[in-house]
Amino acid sequence: QVHVVESGGSSVQAGGSLRLSCAGDRSFFSMACMAWLRQAPGKEREGVAAVLIYPGSGTTYYSDAVKGRLTIPRDNAQNTMYLQMNALKPEDTAMYYCAARPSCDLGSWSHNSYLYWGPGTQVTVSS
């Protein structure tokens, strides 16, 4: 059974920053494609950011809604992936999930078809 957990979710004011963490076991971090997705109340889950570790050599993907404000750094030695969130907006309010699967590309990374999922961490941005 794969173990993964997100942390770092909080309530912040618009314009603020947060860093979410995704800590997982070796099975989770053996996946080539790792991502952050989010789901706001009443909305479908959507892809936020992803990284193709191999063969993409760290190719990153971002949704248009977050491009320029979020990054997806990793600490491979600690089996941890992060979501650095800057210039937060109220519309960023959602439950954030980290996920992983064997592969992805520009056309598929934002889809919900990930193999492994964390339980999620809540981010609330107030205006």
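Trainee: Where is the place of tyrosine 97?

Mentor: Tyrosine 97 lies in strand E10, residues 94–101; strands (E, at least two residues) are DSSP runs, numbered from the N terminus. This is a predicted model, where local features need pLDDT of at least 70, side-chain atom pairs count only at pLDDT 80 or more, and totals for chains, interfaces and linings use all residues. Residues are numbered from 1 along each chain as its sequence is written, and side-chain values use heavy atoms, with hydrogens and water left out.

Trainee: Is tyrosine 97 buried or exposed?

Mentor: Tyrosine 97 is buried, at a relative accessible area of 13%. Buried means under 20% relative accessible area, exposed over 50%, partly exposed in between (1.4 Å probe, protein chains only).

Trainee: Which residues does tyrosine 97 touch, not counting those up to four places away in sequence?

Mentor: Among them are Glu6, Trp36, Arg45 and Trp117; contact means heavy atoms within 4.5 Å. Glutamate 6 is 91 residues from tyrosine 97 in sequence, yet their C-alpha atoms are 7.0 Å apart.

Trainee: Changing topic: how many residues of strand E9 are buried?

Mentor: Five of the six residues in E9 (residues 80–85) are buried.

Trainee: And in which sense do E3 and E9 pair?

Mentor: Strand E3 (residues 18–24) pairs with E9 in the antiparallel sense, over six bridges. Two strands pair if DSSP finds at least two bridges between them. Serine 21 stands opposite tyrosine 82 of E9.

Trainee: What about E8 and E9, how many bridges join them?

Mentor: Two, and the strands run antiparallel. Arginine 74 has methionine 81 as its bridge partner in E9. Their hairpin has four residues between the strands, and asparagine 79 takes a positive phi near 50° there.
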